Amino acid sequence: SVGTWSGQVEKRNLTLRESSLQFLSDALGLPLKLVQGKIEKFELYIPWQSLLSQRCVLTLEGIHVLCRPGDKWDFQLYKNRKLSQKQSEADKNAILRRIDTDKVDARETQKMSYKENLIKSIMENVQLTIKNFHLRYEDPYMSNPQTAFSMGLTFESLILGATNSKWEKGFVSLQEREKMKKSFTVLEVQGLALYMDTPCRDIWSE
């Protein structure tokens, strides 16, 4: 069910795109191919009437991802993507500097300031909750022709959210954050486990 304007969004049985693992491939510098990926439940709470005093909550349940070695690593494509990301960041900073130096109508400046503060407040107060996560990597005789192996990461729950300077959970206003002169974020993980099996069979792909 979807009720965006009521503040509640819910989706079930979402399928991940192959590009979903691109950030992980870039981070590891390794080609990865998504074999199977799904999210059993997606929930988003947006307090439209209180965006400057209440946090948005994103909850993901039942994330299952199976990946394998991808095709030959295209270093040039990887390099071009990184350069494009740097250029986008540079363009963004240039626009911000131009806004600071150009003469802008006071009313427009006030509108932009409110919008920027609103977006910043929302992003810095989002609470992320992930339940029942399983990432599995299977290598069927590609890295080692003699032995197939698999490795994986699982956890029961993960909660990531902002806190005040006393590590108390809750909404943190921009004014309070400016007084603290730093951000405080707490990460809670339960049931974390890493595993590696060798030899292994293709558990999910059978």
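Ser173 sits in the loop that runs between β6 (149-163) and α4 (174-180); helices (H or I, at least four residues) and strands (E, at least two) are DSSP runs, numbered from the N terminus. The model is predicted: local features need pLDDT of at least 70, side-chain atom pairs count only at pLDDT 80 or more, and totals for chains, interfaces and linings use all residues. Residues are numbered from 1 along each chain as its sequence is written, and side-chain values use heavy atoms, leaving out hydrogens and water.

**Around Ser173**

- Ser173 is partly exposed, because its relative accessible area is 21%. Buried means under 20% relative accessible area, exposed over 50%, and partly exposed in between (1.4 Å probe, protein chains only).
- A polar atom of the Ser173 side chain lies 3.2 Å from the backbone nitrogen of Glu176. A polar contact is a pair of N or O atoms within 3.5 Å; within protein, one must be able to donate a hydrogen and the other to accept it, and residues adjacent in sequence count only if both atoms are side-chain atoms.
- Ser53 is 120 residues from Ser173 in sequence, yet their C-alpha atoms are 7.0 Å apart in space.

**Strand pairing**

- β3 and β4 run antiparallel, joined by 12 bridges. Two strands pair if DSSP finds at least two bridges between them.
- Opposite Lys41 stands Glu61 of β4.
- β4 also pairs with β5, in the parallel sense, over 10 bridges.
- Val57 has Gln127 of β5 opposite.

**Nonpolar core**

- The largest nonpolar core has 16 residues, and Leu21, Ile63, Val65, Ile130, Phe133 and Leu135 touch the most other members. Two or more core residues come from each of β3 (32-45), β4 (57-69), β5 (127-139) and β6.
- Such a core is a set of buried Ala, Val, Leu, Ile, Met, Phe, Trp, Tyr and Cys residues joined through side-chain atoms within 4.5 Å.
- Beyond its neighbours within four places in sequence, Leu135 contacts Leu24, Val65, Cys67, Met151, Gly152 and Leu153. Contact means heavy atoms within 4.5 Å.

**Aromatic pairs**

- Rings of Phe, Tyr and Trp (its six-membered ring) pair if their centres lie within 6.5 Å; planes under 30 degrees apart count as stacked, over 60 as edge-to-face and the rest as tilted. The count by this rule is 3 aromatic pairs.
- Phe133 and Phe155 are stacked, because their ring centres are 4.8 Å apart and their planes stand at 10 degrees. Phe133 is in strand β5 and Phe155 in strand β6, 22 residues apart. Both Phe133 and Phe155 are buried.
- Tyr137 and Phe149 make a tilted pair, 6.2 Å centre to centre with 50 degrees between the planes. Tyr137 belongs to strand β5 and Phe149 to strand β6, 12 residues apart. Both Tyr137 and Phe149 are buried.

**Salt bridges**

- The whole structure holds 5 salt bridges. Each is a side-chain nitrogen of Lys or Arg within 4 Å of a carboxyl oxygen of Asp or Glu.
- Arg136 and Glu138 meet in a salt bridge at 2.9 Å, N to O. Both Glu138 and Arg136 are buried. Arg68 joins Arg136 and Glu138 in a network of salt bridges.
- Lys169 and Glu188 form a salt bridge, with the closest N and O atoms 2.4 Å apart. Glu188 is in strand β7 (residues 184-190), while Lys169 is in the loop between β6 and α4. Lys169 is exposed at 51% relative accessible area; Glu188 is partly exposed at 30%.
- Glu10 and Arg12 also form a salt bridge, with the closest N and O atoms 3.1 Å apart.
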